Amino acid sequence: MEPVNTDVAEDARTAADPAGAESDAAEPSDAPALGEILLAVEELWPESLAEEWDEVGLVAGHPSAAVSRIMFAVDPTLDVIEEAIEWGADLLITHHPLLLKGVTSVAATTAKGKAVHRLIESGTALLTVHTNGDSAVGGVSDVLADALGLQDVVPLTPATNGLPEEGIGRVGDLEDVMTLGDFAARVYGILPSVAGGVRVSGDKDGLVRRVAVCGGAGDSLFNEVRASNADLFVTADLRHHPASEARENAVNDRPYLIDVSHFASEWLWLPAAAEALGNVLNDQGHDVDIRVSTTNSDPWDFILTPGGD
(Lines give C-alpha, C1' and ligand atoms only; values in the text may rest on other atoms or scores of the structure.)
Protein backbone atom coordinates (compact mmCIF):
# COMPACT_ATOMS: atom_id res chain seq x y z
CA MET A 1 0.00 0.00 0.00
CA GLU A 2 1.36 3.40 -0.96
CA PRO A 3 1.94 5.95 1.82
CA VAL A 4 -0.43 8.83 2.33
CA ASN A 5 0.70 11.45 -0.16
CA THR A 6 -1.13 14.78 0.03
CA ASP A 7 -0.16 18.32 0.93
CA VAL A 8 -2.51 18.00 3.89
CA ALA A 9 -0.66 14.93 5.05
CA GLU A 10 2.72 16.62 4.67
CA ASP A 11 1.60 19.70 6.59
CA ALA A 12 0.23 17.47 9.32
CA ARG A 13 3.42 15.48 9.64
CA THR A 14 5.43 18.67 9.85
CA ALA A 15 3.16 19.99 12.58
CA ALA A 16 3.29 16.74 14.52
CA ASP A 17 7.04 16.30 14.05
CA PRO A 18 8.67 19.73 13.59
CA ALA A 19 12.10 18.17 13.16
CA GLY A 20 10.86 16.42 10.00
CA ALA A 21 10.33 12.85 8.94
CA GLU A 22 14.04 12.18 8.63
CA SER A 23 14.97 13.74 11.98
CA ASP A 24 17.15 11.81 14.38
CA ALA A 25 16.44 13.90 17.46
CA ALA A 26 18.00 13.01 20.78
CA GLU A 27 15.84 11.07 23.17
CA PRO A 28 14.24 13.36 25.76
CA SER A 29 15.65 12.94 29.25
CA ASP A 30 12.32 13.36 31.05
CA ALA A 31 10.26 10.79 29.17
CA PRO A 32 6.99 10.16 31.01
CA ALA A 33 5.75 6.71 31.94
CA LEU A 34 3.05 5.13 29.83
CA GLY A 35 0.70 5.47 32.80
CA GLU A 36 1.12 9.25 32.65
CA ILE A 37 0.33 9.22 28.93
CA LEU A 38 -2.84 7.27 29.68
CA LEU A 39 -3.96 9.98 32.11
CA ALA A 40 -3.37 12.66 29.45
CA VAL A 41 -5.31 10.62 26.88
CA GLU A 42 -8.17 10.19 29.35
CA GLU A 43 -8.27 13.96 29.81
CA LEU A 44 -8.70 14.48 26.08
CA TRP A 45 -10.79 11.45 25.09
CA PRO A 46 -12.49 9.98 28.18
CA GLU A 47 -13.28 6.29 27.96
CA SER A 48 -16.74 7.07 29.36
CA LEU A 49 -17.59 8.57 25.94
CA ALA A 50 -17.03 5.25 24.15
CA GLU A 51 -20.06 3.40 22.84
CA GLU A 52 -21.14 0.36 24.86
CA TRP A 53 -20.11 -2.07 22.11
CA ASP A 54 -16.66 -0.55 21.70
CA GLU A 55 -13.30 -1.67 23.05
CA VAL A 56 -10.97 1.23 23.79
CA GLY A 57 -7.92 1.76 25.97
CA LEU A 58 -4.58 0.03 26.42
CA VAL A 59 -4.13 -3.13 24.34
CA ALA A 60 -0.44 -3.83 24.95
CA GLY A 61 2.20 -2.19 27.08
CA HIS A 62 3.34 -1.80 30.70
CA PRO A 63 2.18 1.37 32.51
CA SER A 64 5.64 1.87 34.01
CA ALA A 65 7.46 1.84 30.64
CA ALA A 66 9.02 5.12 29.55
CA VAL A 67 7.53 6.77 26.45
CA SER A 68 9.59 9.20 24.42
CA ARG A 69 8.06 8.65 20.95
CA ILE A 70 4.38 8.32 20.05
CA MET A 71 2.88 7.58 16.65
CA PHE A 72 -0.77 8.15 15.69
CA ALA A 73 -2.51 6.06 13.01
CA VAL A 74 -6.00 5.07 11.89
CA ASP A 75 -5.47 1.30 11.84
CA PRO A 76 -3.19 -1.08 13.77
CA THR A 77 -2.28 -3.00 10.63
CA LEU A 78 0.98 -4.91 10.37
CA ASP A 79 2.38 -2.26 8.00
CA VAL A 80 1.55 0.51 10.47
CA ILE A 81 3.06 -1.44 13.36
CA GLU A 82 6.26 -2.01 11.38
CA GLU A 83 6.43 1.71 10.57
CA ALA A 84 6.08 2.53 14.27
CA ILE A 85 8.73 0.00 15.27
CA GLU A 86 11.15 1.20 12.58
CA TRP A 87 10.79 4.79 13.80
CA GLY A 88 11.35 3.70 17.39
CA ALA A 89 7.90 4.50 18.74
CA ASP A 90 7.31 3.47 22.33
CA LEU A 91 3.56 3.91 21.89
CA LEU A 92 1.24 3.53 18.90
CA ILE A 93 -2.15 5.20 19.28
CA THR A 94 -4.71 4.05 16.73
CA HIS A 95 -8.29 5.05 16.13
CA HIS A 96 -9.49 1.56 15.28
CA PRO A 97 -9.22 -1.30 17.77
CA LEU A 98 -6.99 -4.28 17.11
CA LEU A 99 -9.18 -6.66 19.11
CA LEU A 100 -12.77 -5.44 18.87
CA LYS A 101 -14.19 -8.94 19.10
CA GLY A 102 -13.21 -11.59 21.64
CA VAL A 103 -10.40 -14.00 20.77
CA THR A 104 -9.24 -17.29 22.26
CA SER A 105 -5.69 -17.13 20.90
CA VAL A 106 -3.08 -14.57 19.87
CA ALA A 107 -0.77 -17.13 18.25
CA ALA A 108 1.35 -15.65 15.49
CA THR A 109 -0.45 -17.79 12.92
CA THR A 110 -2.99 -15.01 12.23
CA ALA A 111 -2.55 -11.36 11.29
CA LYS A 112 -3.85 -10.14 14.64
CA GLY A 113 -1.68 -12.64 16.49
CA LYS A 114 1.36 -11.46 14.54
CA ALA A 115 0.46 -7.87 15.43
CA VAL A 116 0.30 -8.67 19.14
CA HIS A 117 3.64 -10.51 18.98
CA ARG A 118 5.40 -7.71 17.09
CA LEU A 119 4.14 -5.13 19.57
CA ILE A 120 5.21 -7.05 22.65
CA GLU A 121 8.50 -8.32 21.23
CA SER A 122 9.49 -4.80 20.15
CA GLY A 123 8.35 -3.16 23.38
CA THR A 124 5.82 -1.00 21.52
CA ALA A 125 2.65 -0.24 23.44
CA LEU A 126 -0.71 0.01 21.64
CA LEU A 127 -3.57 2.25 22.74
CA THR A 128 -6.98 2.54 21.07
CA VAL A 129 -9.00 5.79 20.97
CA HIS A 130 -12.11 4.90 18.98
CA THR A 131 -15.67 6.11 19.61
CA ASN A 132 -14.44 8.16 22.55
CA GLY A 133 -12.30 9.96 19.97
CA ASP A 134 -15.37 10.33 17.75
CA SER A 135 -17.53 11.82 20.49
CA ALA A 136 -15.13 14.12 22.35
CA VAL A 137 -14.77 17.83 21.69
CA GLY A 138 -12.12 18.17 18.99
CA GLY A 139 -12.79 14.59 17.91
CA VAL A 140 -13.05 13.01 14.48
CA SER A 141 -16.30 14.65 13.35
CA ASP A 142 -15.39 18.00 14.90
CA VAL A 143 -12.17 18.05 12.86
CA LEU A 144 -14.04 17.05 9.70
CA ALA A 145 -16.68 19.73 10.27
CA ASP A 146 -14.02 22.38 10.86
CA ALA A 147 -12.06 21.36 7.75
CA LEU A 148 -15.25 21.73 5.69
CA GLY A 149 -15.93 25.22 7.05
CA LEU A 150 -19.02 24.46 9.14
CA GLN A 151 -20.13 26.91 11.81
CA ASP A 152 -22.37 26.68 14.90
CA VAL A 153 -21.68 22.95 15.04
CA VAL A 154 -23.62 20.63 17.37
CA PRO A 155 -23.67 16.81 17.75
CA LEU A 156 -26.06 14.73 15.68
CA THR A 157 -26.46 12.36 18.63
CA PRO A 158 -25.56 13.87 22.03
CA ALA A 159 -23.34 11.75 24.27
CA THR A 160 -25.07 9.87 27.07
CA ASN A 161 -22.21 10.47 29.49
CA GLY A 162 -20.74 13.68 28.14
CA LEU A 163 -21.06 17.41 27.70
CA PRO A 164 -23.77 18.94 25.47
CA GLU A 165 -21.21 19.51 22.75
CA GLU A 166 -20.04 15.88 22.80
CA GLY A 167 -21.58 13.02 20.85
CA ILE A 168 -21.51 11.10 17.58
CA GLY A 169 -21.58 13.10 14.32
CA ARG A 170 -21.87 16.84 13.87
CA VAL A 171 -24.15 19.24 11.99
CA GLY A 172 -23.57 22.89 11.20
CA ASP A 173 -23.96 25.61 8.59
CA LEU A 174 -21.75 26.90 5.82
CA GLU A 175 -20.95 30.59 5.88
CA ASP A 176 -22.29 30.87 2.32
CA VAL A 177 -24.58 28.69 0.24
CA MET A 178 -22.70 26.40 -2.15
CA THR A 179 -23.71 24.08 -4.96
CA LEU A 180 -23.45 20.39 -4.22
CA GLY A 181 -20.82 20.06 -6.95
CA ASP A 182 -18.61 22.78 -5.49
CA PHE A 183 -18.96 21.42 -1.99
CA ALA A 184 -18.12 17.90 -3.17
CA ALA A 185 -14.95 19.36 -4.70
CA ARG A 186 -14.14 20.90 -1.31
CA VAL A 187 -14.58 17.51 0.34
CA TYR A 188 -12.34 15.87 -2.24
CA GLY A 189 -9.70 18.55 -1.75
CA ILE A 190 -9.28 18.15 2.00
CA LEU A 191 -9.05 14.36 2.15
CA PRO A 192 -5.97 12.17 1.65
CA SER A 193 -5.82 10.62 -1.81
CA VAL A 194 -7.33 7.12 -1.87
CA ALA A 195 -8.57 4.86 -4.63
CA GLY A 196 -12.28 5.21 -3.87
CA GLY A 197 -12.42 8.98 -4.25
CA VAL A 198 -15.68 10.74 -3.39
CA ARG A 199 -19.17 9.52 -4.41
CA VAL A 200 -22.07 11.96 -4.59
CA SER A 201 -25.84 11.50 -4.71
CA GLY A 202 -27.88 14.54 -5.74
CA ASP A 203 -28.19 17.41 -8.19
CA LYS A 204 -24.73 18.81 -8.86
CA ASP A 205 -26.27 22.30 -9.10
CA GLY A 206 -28.45 21.86 -6.00
CA LEU A 207 -27.78 24.32 -3.17
CA VAL A 208 -26.53 23.34 0.25
CA ARG A 209 -26.14 25.33 3.45
CA ARG A 210 -26.71 22.99 6.39
CA VAL A 211 -24.35 20.00 6.43
CA ALA A 212 -24.21 16.91 8.65
CA VAL A 213 -21.00 14.92 8.93
CA CYS A 214 -19.88 11.70 10.55
CA GLY A 215 -16.31 10.47 10.26
CA GLY A 216 -16.28 6.73 9.64
CA ALA A 217 -19.40 4.68 8.95
CA GLY A 218 -22.48 6.83 9.57
CA ASP A 219 -25.42 5.21 7.81
CA SER A 220 -27.04 4.40 11.16
CA LEU A 221 -27.64 8.14 11.68
CA PHE A 222 -30.11 8.90 8.90
CA ASN A 223 -32.97 9.59 11.33
CA GLU A 224 -30.80 12.12 13.17
CA VAL A 225 -29.66 13.66 9.89
CA ARG A 226 -33.25 14.17 8.74
CA ALA A 227 -34.21 15.59 12.15
CA SER A 228 -31.37 18.12 11.87
CA ASN A 229 -32.79 19.49 8.57
CA ALA A 230 -29.42 19.02 6.90
CA ASP A 231 -29.23 19.60 3.16
CA LEU A 232 -26.35 17.15 2.88
CA PHE A 233 -24.83 14.25 4.79
CA VAL A 234 -21.11 13.52 4.48
CA THR A 235 -19.94 10.17 5.83
CA ALA A 236 -18.20 6.92 4.86
CA ASP A 237 -19.15 3.34 4.02
CA LEU A 238 -22.67 4.13 2.81
CA ARG A 239 -24.25 0.76 2.04
CA HIS A 240 -26.62 0.26 -0.87
CA HIS A 241 -29.89 -0.21 1.01
CA PRO A 242 -29.55 2.61 3.57
CA ALA A 243 -28.43 5.00 0.83
CA SER A 244 -31.25 3.91 -1.50
CA GLU A 245 -33.83 4.26 1.25
CA ALA A 246 -32.49 7.69 2.15
CA ARG A 247 -32.97 8.80 -1.46
CA GLU A 248 -36.51 7.38 -1.49
CA ASN A 249 -37.36 9.21 1.75
CA ALA A 250 -35.75 12.49 0.69
CA VAL A 251 -37.79 15.69 0.91
CA ASN A 252 -37.04 18.03 -2.01
CA ASP A 253 -34.18 15.64 -2.84
CA ARG A 254 -32.55 16.32 0.55
CA PRO A 255 -30.45 15.29 2.27
CA TYR A 256 -27.98 14.86 -0.56
CA LEU A 257 -25.29 12.29 0.16
CA ILE A 258 -21.52 12.31 -0.09
CA ASP A 259 -19.76 9.00 0.54
CA VAL A 260 -16.03 9.05 1.26
CA SER A 261 -13.32 6.62 2.32
CA HIS A 262 -13.62 5.45 5.93
CA PHE A 263 -9.85 5.76 6.33
CA ALA A 264 -9.67 9.20 4.75
CA SER A 265 -12.53 10.66 6.80
CA GLU A 266 -10.83 9.63 10.04
CA TRP A 267 -7.25 10.34 9.01
CA LEU A 268 -7.94 14.08 9.26
CA TRP A 269 -8.23 13.72 13.03
CA LEU A 270 -4.73 12.33 13.49
CA PRO A 271 -2.73 15.59 13.19
CA ALA A 272 -5.18 17.40 15.47
CA ALA A 273 -5.04 14.56 18.00
CA ALA A 274 -1.23 14.50 17.90
CA GLU A 275 -1.11 18.25 18.50
CA ALA A 276 -3.66 18.09 21.32
CA LEU A 277 -1.80 15.33 23.16
CA GLY A 278 1.50 17.10 22.61
CA ASN A 279 0.10 20.28 24.16
CA VAL A 280 -1.15 18.44 27.25
CA LEU A 281 2.16 16.66 27.73
CA ASN A 282 4.12 19.88 27.20
CA ASP A 283 1.98 21.61 29.82
CA GLN A 284 2.91 18.80 32.19
CA GLY A 285 6.61 19.34 31.48
CA HIS A 286 7.14 16.32 29.26
CA ASP A 287 9.13 16.41 26.03
CA VAL A 288 7.73 13.68 23.79
CA ASP A 289 8.27 13.27 20.04
CA ILE A 290 4.89 12.73 18.34
CA ARG A 291 4.21 12.09 14.68
CA VAL A 292 1.47 10.82 12.37
CA SER A 293 1.86 7.59 10.44
CA THR A 294 2.45 7.97 6.72
CA THR A 295 1.02 4.53 5.92
CA ASN A 296 -2.15 4.50 3.84
CA SER A 297 -4.26 1.76 5.44
CA ASP A 298 -7.24 2.25 3.14
CA PRO A 299 -7.90 -1.32 1.87
CA TRP A 300 -8.52 -0.38 -1.79
CA ASP A 301 -5.72 -0.01 -4.32
CA PHE A 302 -7.50 1.10 -7.52
CA ILE A 303 -10.97 1.64 -8.94
CA LEU A 304 -12.49 1.45 -12.43
CA THR A 305 -15.14 4.03 -13.31
CA PRO A 306 -17.14 4.88 -16.44
CA GLY A 307 -16.22 8.00 -18.36
CA GLY A 308 -18.19 11.19 -17.93
CA ASP A 309 -18.15 14.68 -16.48
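Author: Happy to. On a 1 Å grid over the protein atoms alone, a pocket is an open set of points with protein on both sides within 12 Å along at least five of seven lines, whereas a cavity is a set of points where a 1.4 Å probe fits but cannot get out; lining residues have an atom within 4 Å of a point. Grid points are joined across faces, edges and corners, and a volume is the space filled by probe spheres set on the points. This is a predicted model, in which local features need pLDDT of at least 70 and side-chain atom pairs count only at pLDDT 80 or more, while totals for chains, interfaces and linings use all residues. Residues are numbered from 1 along each chain as its sequence is written, and side-chain values use heavy atoms, with hydrogens and water left out.

Let us start with the largest pocket, which holds about 560 Å³ of space. Its lining is made of 27 residues, and Glu51, Trp53, Thr131, Asp134 and Ile168 lie nearest the centre. At least two lining residues come from each of α5 (131-135), β5 (150-158), β6 (167-179), β8 (207-217) and α10 (262-267); here helices (H or I, at least four residues) and strands (E, at least two) are DSSP runs, numbered from the N terminus. The most comes from β8, with four residues. By class, this lining has nine nonpolar, 13 polar and five charged residues, where Ala, Val, Leu, Ile, Met, Phe, Trp, Tyr, Cys and Pro count as nonpolar, Asp, Glu, Lys and Arg as charged, and the others, Gly among them, as polar.

The second largest pocket has a volume of about 460 Å³. It is lined by 20 residues, and those closest to its centre are Asp237, Ser261, His262, Asp298 and Trp300. Two or more lining residues come from each of β10 (256-260) and α10. Nine nonpolar, six polar and five charged residues make up this lining.

One cavity of 30 Å³ or more turns up in a search of the whole structure, and the largest cavity contains about 40 Å³. Among the residues lining the largest cavity are Leu144, Leu148, Val187, Cys214, Val234 and Ser265. The elements that give two or more residues to this lining are α7 (180-190) and β9 (232-236). Eight of the lining residues are nonpolar and two polar, with no charged ones.

A residue worth a look here is Ser141, which sits in helix α6 (residues 140-147). Ser141 is buried, with a relative accessible area of 2%; buried means under 20% relative accessible area, exposed over 50%, and partly exposed in between (1.4 Å probe, protein chains only). Beyond its neighbours within four places in sequence, Ser141 is in contact with Asp134, Gly169, Arg170, Val213, Cys214 and Gly215, contact being heavy atoms within 4.5 Å.

For a contrast, turn to Arg226 in helix α8 (residues 222-227). Arg226 is partly exposed, with a relative accessible area of 31%. Not counting residues up to four places away in sequence, Arg226 touches Ala246, Asn249 and Pro255. The C-alpha atoms of Arg226 and Asn249 are separated by 9.5 Å, and the two residues are 23 residues apart along the chain.
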